[in-house]
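Let's take a walk through this model together, from its sheet to its nonpolar cores. Here is the structure to keep beside you as you read.

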Amino acid sequence: MRQPLKAMGSLLGLALTALPLGAQAAEQVVFVSGAFRRSIPVADLELLAKTGQAEGLLADVLRLGRQKPQDVAKLLNQRISLPLVLTSRLLNTRIGEAVLNRVSAIVYPLNAKGVAVPALRAATIIGLKDNSDSLSAVAFLRAYPNDDLAISLPALLSTVSKASSIAELVRFFSESPLDGLKAPGPSKGPS
């Protein structure tokens, strides 16, 4: 069962890279919590990133969350430099797969949760390719191969509660996937 799914994921990834670039972009970011869903157009996020000004529901959300639009704009524009080839190779290893599986519990295509890992991988690789080995949140959304990118609020809040700092968050995602890959150590007898 796992091999056909892996093959289907590989074919999907290949098909996604063959699409014209205009067809690859999230149009909505959908926040999901049970039956609750709220969508924010990616265009509103792009406008915020460009101008520092929020409109519509995004403006309301930022106001209720007591967030300054300029601060959120900085986060949306913050770039992470990653070498394309190395990142692609890493994302196709067992460790990369484990990290993508963890992230896919939080971020996934709204109506196609089963292809979350290939979608995350494709958005990362395409985003890096299109942006000279660097990636921002906006570039990731432009490369995301589904109209609606869902964010599970319960999964996000659970992850955030486990990591009170960015360093802990990085450690959580980089060390935890290794737990399932570690070989059992020699058993120690009573001393």
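## A first pair

Tyr108 stands opposite Ala150 in strand 6. Strands here, like helices, are DSSP runs numbered from the N terminus (E, at least two residues, for strands; H or I, at least four residues, for helices).

Before we go on, a word on the source: this is a predicted model, in which local features need pLDDT of at least 70 and side-chain atom pairs count only at pLDDT 80 or more, while totals for chains, interfaces and linings use all residues. Residues are numbered from 1 along each chain as its sequence is written, and side-chain values use heavy atoms, with hydrogens and water left out.

## The sheet

In what order do the four strands of the open sheet lie? The order is 2-1-6-4, and the pairing is mixed; two strands count as paired if DSSP finds at least two bridges between them. Strand 2 and strand 4 are the edge strands, each pairing on one side only. On average, neighbouring strands are turned by 30° against each other, direction ignored (axes are lines fitted to C-alpha atoms, for helices over the stretch in contact, and angles run from 0 to 180 degrees between N-to-C directions).

Ser33 has Phe36 of strand 2 as its bridge partner.

## Strand 6 and its neighbours

Strand 1 (residues 28–33) runs parallel to strand 6, and five bridges join them. Val30 is partnered with Ala150, Phe31 with Ile151 and Val32 with Ser152. Strand 4 (residues 107–109) runs antiparallel to strand 6, joined to it by three bridges.

Strand 6 (residues 148–152) is largely enclosed by the rest of the structure, because four of its five residues are buried (under 20% relative accessible area, with exposed over 50% and partly exposed in between; 1.4 Å probe, protein chains only).

## The nonpolar cores

A nonpolar core is a set of buried Ala, Val, Leu, Ile, Met, Phe, Trp, Tyr and Cys residues joined through side-chain atoms within 4.5 Å. The largest one has 31 residues, and Tyr144 and Leu149 have the most contacts inside it. Among the elements that give two or more residues to this core are helix 2 (42–51), helix 8 (137–143) and strand 6. Helix 7 provides the largest share, six residues.

Another core, of six residues, lies apart from this one; among its members are Val30, Tyr108, Leu110 and Ala116.
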